[in-house]
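Keep the viewer open while reading.

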Amino acid sequence: MADVQYVQWISKPAMGGEVVHGMKTGRKLGFPTANLSQSPDSIENGVYGVQVQIEDELLNGVMNIGVKPTFGSRFERITEIHLFDFQGDLYGKKIQCVPLFRIRDEQKFSSFHSLLQQIKEDVNYARTVFSRHGAVQRQRIS
Ligand SMILES: Cc1cc2nc3c(=O)[nH]c(=O)nc-3n(C[C@H](O)[C@H](O)[C@H](O)COP(=O)(O)O)c2cc1C
């Protein structure tokens with residue numbers, strides 16, 4: 001995985017959307033995700049470090065945008081965001097998400113276990129990038 005000292009910041013428009021229900025397997029695995037109703041063409045499939053605005057708060061997290069190839073070929077393109085240290089019900093809420101850096105391509109894993117290991121690495125990597133760059137995990141804006 002890329003070195004946190006040489007982060008390639010990306011500049012993509014904010015993605016807006018409403019949080020919709022997913023399959024909820026992520027929650028059982030310990031990384032609950034908020035699924036977004038929109039997956040814009042302006043961003044390629046892959047895993048990203050993101051900043052998300054929910055009402056008057058900014059939070060950091062990781063986002064996967066793609067078709068979840070590990071689970072077969074039946075899925076439409078979807079945006080899923082895992083917010084760090086967040087517990088709460090976001091269903092039906094409108095959120096804004098800004099992709100800040102790209103972590104990797106979306107991949108088809110041979111087992112659920114390897115996908116889970118990779119997601120843990122994605123989370124560690126993104127958390128390190130945020131903290132090295134002084135990003136506060138949760139901040140109120142007004
Ligand atoms: C950070 C992150 C990275 C992910 N990377 C992949 C991936 O490379 N390949 C894949 O098939 N699914 C990937 N996923 C999607 C997971 O498969 C998905 O979150 C899980 O199946 C739960 O979906 P559900 O909440 O709709 O049930 C990723 C999810 C997250 C949050």
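The report covers aromatic rings, a helix, salt bridges and backbone angles, in that order.

**Aromatic rings**

This is a predicted model. A search of the whole structure gives 5 aromatic pairs. In one of them, the ring centres of Phe-84 and Phe-130 lie 6.3 Å apart. Their planes meet at 75 degrees, so the pair is edge-to-face. Phe-84 sits in the loop between β5 (78-83) and β6 (94-104), while Phe-130 belongs to helix α2 (residues 112-132).

The charged end of Arg-127 sits over its ring, 4.7 Å from the centre.

**Helix α2**

Helix α2 has 21 residues, which at 1.5 Å a residue should span 30 Å. Its end C-alpha atoms are 30 Å apart, in agreement. Its buried residues include Leu-115, Leu-116, Ile-119, Val-123, Tyr-125, Val-129 and Phe-130. Gln-118 and Asp-122 are also among the buried residues of α2. Just after the helix, Gly-134 takes a positive phi of about 75 degrees.

**Salt bridges**

Side chains of opposite charge can pair when their charged atoms come close. The count here is 7 salt bridges. The table gives three of them.

| Lys-93 | Glu-55 | 3.9 Å |

Arg-127 is partly exposed at 33% relative accessibility, and Asp-85 is exposed at 53%.

Arg-138, in strand β7 (residues 138-140), and Glu-57, in strand β4, are 81 residues apart. Arg-138 is partly exposed at 38%, whereas Glu-57 is buried at 14%.

Lys-93 and Glu-55 are 38 residues apart. Lys-93 is in the loop between β5 and β6, and is partly exposed at 29%.

**Backbone angles**

Most residues other than glycine have a negative phi. Glu-55 has a positive phi, near 50 degrees. Its place is in the loop between β3 (46-54) and β4 (57-66). Lys-68 also has a positive phi, about 50 degrees, and is found in the loop between β4 and β5. Are these two residues buried or exposed? Glu-55 is exposed, with a relative accessible area of 56%. Lys-68, at 13%, counts as buried because the cut-off is under 20%.

Terms used: Residues numbered from 1 in each chain as written. Predicted model: local features only at pLDDT ≥ 70, side-chain atom pairs only at ≥ 80, totals over all residues. Heavy atoms only, no water. Phe/Tyr/Trp six-rings, centres within 6.5 Å; stacked < 30°, edge-to-face > 60°. Helix = DSSP H or I, 4+ residues; strand = E, 2+ residues; numbered from the N terminus. Lys NZ or Arg CZ within 6 Å of the ring centre and 35° of its normal. Expected span 1.5 Å × (residues − 1). Buried < 20%, exposed > 50% of the residue type's maximum accessible area, 1.4 Å probe, protein only. Salt bridge = Lys/Arg side-chain N within 4 Å of Asp/Glu carboxyl O.
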